[in-house]
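Subject: Handover of a structure

Dear colleague,

Please find the structure below, together with its sequence.

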Amino acid sequence: MDERLERYVTGLFAAEDPALAAIRARHAEAGLPPIHISADEGKFLQVLLRAVEATTVLELGSLGGYSGVWLARALPPHGRLTTIEKDPRHAALARRAYAEAGVAAKVRLIEGAALDALPALSPGFDAVFVDADKEPQAQYFDWSMRLLRRGGLLLCDNAFFHGAVVDEADRSAEAEGVRAFNRLAATDPRLVATVVPIRDGVVVGVKVGA
Ligand code: DHB
Ligand code: MG
């Protein structure tokens, strides 16, 4: 999208409050990679969560907590975001972000690798947002489908992976992981899905079959 149009939409629909702005600023100061979601992407996720009246959301990859604040704010007071982060520095920043944004009571942060933590979770999530390391994405797809309720949303960041998905020379494990996830999302008969071209591309799917 044209950058001016992106700014226009973000300013009109996805303006950050001071808490979100501070969390994003601290993310940069702490030297975390600049790979958090954008504000317009956060608002898009909120619209989707509201559409299914989500109360339980699972996030893979908390990073500094910026996306988690957008997600948790779309949940009712009794809602629960379960978010998994393997880097202890990221997890510490994320905890601080949830507290500052006033959503800590709605967030359960699990510190560890997603593939270690996922087997202990109970199914029935209203939505899963996959935004973690890219190599195991096919496994993240399988776990997400297992843990989602019927009618639940499968959401995944970086569907384009900076264009790498169509760069045939890129045979990296990360690019192949993203391609594998996209292929599964496109072809799994339990899912109706597409990609929305916000920022780096967002996979949006509805689980229609068990
Ligand atoms: C990268 C970007 C992301 O948004 C992400 O979630 C993970 C990795 C990247 O640019 O490598
Ligand atoms: Mg991402």
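Which residues does S144 touch, not counting residues up to four places away in sequence? They are V128, V130 and L154. Please bear in mind here, and throughout, that this is a predicted model.

S144 itself has its place in helix 7, which covers residues 137-147. Its relative accessibility is 1%, and S144 therefore counts as buried, since the cut-off for that word is under 20%.

R26 is found in helix 2, made up of residues 18-29. Because its relative accessibility is 14%, R26 also counts as buried. Leaving aside residues up to four places away in sequence, R26 touches L93, R96 and E100.

Next, please turn to the magnesium ion, which is ligand 2.

The residues around ligand 1 are I35, D131, K134, D157, N158, F161, H162 and R199.

- For D131, a polar side-chain atom is 2.5 Å from an oxygen atom of ligand 1.
- For N158, the distance from a polar side-chain atom to an oxygen atom of ligand 1 is 2.6 Å.
- For D157, a polar side-chain atom and an oxygen atom of ligand 1 are 3.2 Å apart.

On its own, ligand 1 has 290 Å² of accessible area, and the protein covers 77% of this.

Finally, I would draw your attention to helix 3. This helix comprises residues 39-51, which is 13 residues. From its first C-alpha to its last it reaches 18 Å, close to the 18 Å expected at 1.5 Å a residue. Which residues of helix 3 are buried? They are A39, D40, E41, G42, F44, L45, Q46, L48 and L49. Helix 3 is followed by E53, where phi is positive, near 50°.

With kind regards,
A colleague

Methods
Residues are numbered from 1 along each chain as its sequence is written. Chains are lettered from A and ligands numbered from 1 in the order in which they are written. This is a predicted model: local features need pLDDT of at least 70, side-chain atom pairs count only at pLDDT 80 or more; totals for chains, interfaces and linings use all residues. Side-chain values use heavy atoms; hydrogens and water are left out. Helices (H or I, at least four residues) and strands (E, at least two) are DSSP runs, numbered from the N terminus. The expected span of a helix is 1.5 Å times one less than its number of residues. Buried means under 20% relative accessible area, exposed over 50%, partly exposed in between (1.4 Å probe, protein chains only). Donors are N, O and S atoms within 2.8 Å of the metal (3.2 Å for Na, K and Ca); water is not among the atoms, so sites may look incomplete. A residue is near a molecule or strand if one of its heavy atoms lies within 4 Å of it. A polar contact is a pair of N or O atoms within 3.5 Å; within protein, one must be able to donate a hydrogen and the other to accept it, and residues adjacent in sequence count only if both atoms are side-chain atoms. Accessible areas come from the Shrake-Rupley method with a 1.4 Å probe; for residues, only the protein chains shown count as cover. Contact means heavy atoms within 4.5 Å.
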